[in-house]
Amino acid sequence: ELVSTYDAVVIEDLDMKGMSQALHFGKSVHDNGWGMFTTFLSYKLKEQGKQLVKIDKWFPSTKKCSCCGAEKPMKLSERTYRCSCGYVADRDYNSAINIKNEGIRLLALS
């Protein structure tokens, strides 16, 4: 239902090959069909007059403060984002806000 509510989906492109090597998932993650999934999703969205906006896999969604825009390194084990500006949020929530905002920015450029 969310797709019918909005004009775009903004899902962040993933480096599946890098993830499989770094996280020792082996070939299963690399071959999981991420490219096929995004192609299918894009096709289905176009049928409905909507579009898929891909955020570059190198966009620092996790490292960037969604409040002030400052960037800082984050270990994978850190689950809470704490910025020097005082903003504190769950790591994934902060990342999701950054992805949404980047998608809005990219839509405005197109």
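Glu102 has a relative accessibility of 13% and therefore counts as buried, the cut-off being under 20%. This value, like the others below, comes from a predicted model. The side chain of Glu102 is paired with that of Arg105 in a salt bridge, with an N to O distance of 2.9 Å. Both residues belong to helix H5, where they sit 3 residues apart, about one turn of the helix. An α-helix has 3.6 residues a turn, so residues three or four places apart point the same way. Arg105 has a relative accessible area of 43% and is therefore classed as partly exposed.

Helix H5 covers residues 91-109, and Ser95 is one of its residues. Ser95 is buried because its relative accessibility is 9%. Which residues does Ser95 contact, leaving aside its neighbours within four places in sequence? They are Ser61 and Thr62. With Ser61 there is also a polar contact between the side chains, at 3.0 Å.

Asp92 is another residue of helix H5, and it takes part in a link between distant parts of the chain. The side chain of Asp92 forms a salt bridge with that of Arg79, at 2.9 Å from N to O. Arg79 lies in the loop between strand S2 (51-52) and strand S3 (80-82), 13 residues from Asp92. Arg79 counts as partly exposed because its relative accessibility is 39%. The value for Asp92 is 43%, so Asp92 is partly exposed as well.

The count of salt bridges comes to 3. The one not yet described is in helix H4, between Glu47 and Lys44. Here the closest N and O atoms are 3.3 Å apart. Glu47 and Lys44 are 3 residues apart in the helix, which means that about one helical turn separates them. Lys44 has 33% relative accessibility and so counts as partly exposed.

Which residues of H4 are buried? They are Trp34, Thr38, Leu41, Ser42 and Leu45. Because these residues cover an arc of only 100 degrees around the axis, they lie on the same side of H4. The face turned away from that buried side carries Met36 and Thr39, which are exposed. Just after H4 comes Gly49, with a positive phi of about 75 degrees.

The remaining topic is the nonpolar cores. In soluble globular proteins, nonpolar side chains tend to be buried together. The largest nonpolar core in this model has 6 residues: Cys65, Met74, Tyr81, Cys83, Tyr87 and Ala89. One of them, Ala89, touches Thr80, Tyr81 and Asn94, not counting residues up to four places away in sequence.

Technical notes
Residues numbered from 1 in each chain as written. Predicted model: local features only at pLDDT ≥ 70, side-chain atom pairs only at ≥ 80, totals over all residues. Heavy atoms only, no water. Buried < 20%, exposed > 50% of the residue type's maximum accessible area, 1.4 Å probe, protein only. Helix = DSSP H or I, 4+ residues; strand = E, 2+ residues; numbered from the N terminus. Arc of directions from axis to C-beta. Polar contact = N/O pair within 3.5 Å; in protein donor to acceptor, adjacent residues only side chain to side chain. Contact = heavy atoms within 4.5 Å. Salt bridge = Lys/Arg side-chain N within 4 Å of Asp/Glu carboxyl O. Core = buried A, V, L, I, M, F, W, Y, C linked by side-chain atoms within 4.5 Å.
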